[in-house]
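Hello,

Here is the structure I promised to pass on. Please open it beside this message and follow along; my notes come after it.

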Amino acid sequence: MKAYLLAVMMAAVASPSLSQQCSESEQAKLRELDKAWAEATSRGDRAQLETIFADDFASTDINGSQNKATTIDAAVRAAERTRASGQTAPPTVYDNYVISCTPVSAVITHRATTTATVNGKPQPSYFRSVHVLEKRGGRWRVVGNAGYALTDAAILLYLEKEWNDATIRKD
């Protein structure tokens with residue numbers, strides 16, 4: 001089932017007909033929602049997460065299969081543990097967005113890079129997330145999520161893309 005869900009999401013992302021229906025302003029709204037979701041998760045903001053996730057939310061990510069309640073509970077507990085430790089969570093950067101949408105559905109994929117300090121040295125971890133959203137009652141709601149750690153080969157492909165982008169910008 002997990003493989004099927006991921007295959008459907010990836011097919012939707014790759015579909016040129018879907019991406020042509022997603023305006024720049026709608027893509028900006030979806031990126032803002034993704035940012036708000038990340039911030040609410042980091043804070044453990046249960047009330048905001050309740051508004052972001054659809055009641056029938058399902059996740060098949062690196063933490064295993066979860067529904068809305070277990071996902072929100074896990075986020076709140078993680079934020080509470082971080083606060084109790086007196087430390088801040090390692091910073092996470094979200095980039096390399098690919099967004100496809102129709103008037104009532106959307107797929108957001110992006111890379112997430114979290115950098116923790118281990119033995120005094122920065123240690124980055126790279127993940128790829130795929131989010132499926134539906135517009136319900138005029139608002140985007142997250143209905144599905146899949147995430148996975150990137151392989152070394154995938155990390156190198158991102159580095160190559162960044163190198164090529166810098167060359168084009170003459171940076």
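Of the 171 residues of the chain, 36% count as buried. Please keep in mind that this is a predicted model. The chain has six helices and six strands, and from the N terminus on these elements run α-α-α-α-β-β-α-β-β-β-β-α. Among the contacts in the chain with a separation of 6 or more, 53% are between residues 24 or more positions apart.

Helix H3

H3 covers residues 24-43. At 1.5 Å a residue, its 20 residues should span 28 Å, and the end C-alpha atoms are 29 Å apart, which agrees. The buried residues of this helix are Glu-26, Gln-27, Leu-30, Leu-33, Asp-34, Trp-37, Ala-38 and Ala-40. Seen down the axis of H3, these buried residues fall within an arc of 165 degrees, so they line one face of the helix. The face turned away from the buried side carries the exposed residues Glu-24, Lys-29 and Glu-32. After H3 comes Gly-44, with a positive phi near 70 degrees.

The largest pocket

The volume of the largest pocket is about 1300 Å³. It is lined by 42 residues, and the closest to its centre are Ala-38, Thr-41, Ser-42, Thr-92 and Tyr-94. Ala-38 has already come up as one of the buried residues of H3.

Which elements each supply at least two residues of the lining? They are helix H3, strand S1 (53-61), helix H5 (68-85), S3, S4, S5 and strand S6 (139-149). H5 gives the most, with nine residues. By type, the lining divides into 20 nonpolar, 15 polar and seven charged residues.

S3 runs over residues 92-101.

Cys-101 is in S3. It is buried, with a relative accessible area of 2%, where the limit for buried is under 20%. Which residue is 80 positions from Cys-101 in sequence but 6.2 Å from it in space? That residue is Gln-21, with the distance taken from C-alpha to C-alpha.

Asn-96 is also found in S3. Its phi is positive, near 55 degrees, in a residue other than glycine. Asn-96 counts as buried, because its relative accessible area is 18% and the cut-off is under 20%.

Two loop residues

Asn-119 lies in the loop between S4 and S5. Like Asn-96, this residue is not a glycine and has a positive phi, here of about 55 degrees. Is Asn-119 buried or exposed? Its relative accessible area is 77%, and exposed means over 50%, so Asn-119 is exposed. Asn-96 is buried, whereas Asn-119 is exposed.

Pro-90 is in the loop between H5 and S3. At 40% relative accessibility, this proline counts as partly exposed. Leaving aside neighbours within four places in sequence, Pro-90 is in contact with Thr-114, Thr-115 and Ala-116. One of these, Thr-114, is 24 residues from Pro-90 in sequence and 6.3 Å from it in space, C-alpha to C-alpha.

Helix H6

H6 covers residues 152-168. Its 17 residues, at 1.5 Å each, should span 24 Å, and the end C-alpha atoms are 24 Å apart, which agrees. The buried residues of H6 are Ile-155, Tyr-158 and Ala-166. They cover an arc of only 75 degrees around the axis, which puts them on the same side of the helix. On the other side of H6, the residues Leu-156, Leu-157, Trp-163, Thr-167 and Ile-168 are exposed.

What covers the buried residues of H6? The cover includes strand S3, strand S4 (105-118) and strand S5 (121-136). S3, S4 and S5 also each supply at least two residues to the lining of the largest pocket. Just after H6, Lys-170 takes a positive phi of about 55 degrees.

To go through this on screen, begin with H3 and its buried face, move to the largest pocket and its nine lining residues from H5, and end at H6 with the strands that cover its buried residues.

Regards

Methods: Residues are numbered from 1 along each chain as its sequence is written. This is a predicted model: local features need pLDDT of at least 70, side-chain atom pairs count only at pLDDT 80 or more; totals for chains, interfaces and linings use all residues. Side-chain values use heavy atoms; hydrogens and water are left out. Helices (H or I, at least four residues) and strands (E, at least two) are DSSP runs, numbered from the N terminus. The expected span of a helix is 1.5 Å times one less than its number of residues. Buried means under 20% relative accessible area, exposed over 50%, partly exposed in between (1.4 Å probe, protein chains only). The arc is that of the directions from the helix axis to the C-beta atoms. Contact means heavy atoms within 4.5 Å. On a 1 Å grid over the protein atoms alone, a cavity is a set of points where a 1.4 Å probe fits but cannot get out, and a pocket is an open set with protein on both sides within 12 Å along at least five of seven lines; lining residues have an atom within 4 Å of a point. Grid points are joined across faces, edges and corners, and a volume is the space filled by probe spheres set on the points. Ala, Val, Leu, Ile, Met, Phe, Trp, Tyr, Cys and Pro count as nonpolar, Asp, Glu, Lys and Arg as charged, and the others, Gly among them, as polar.
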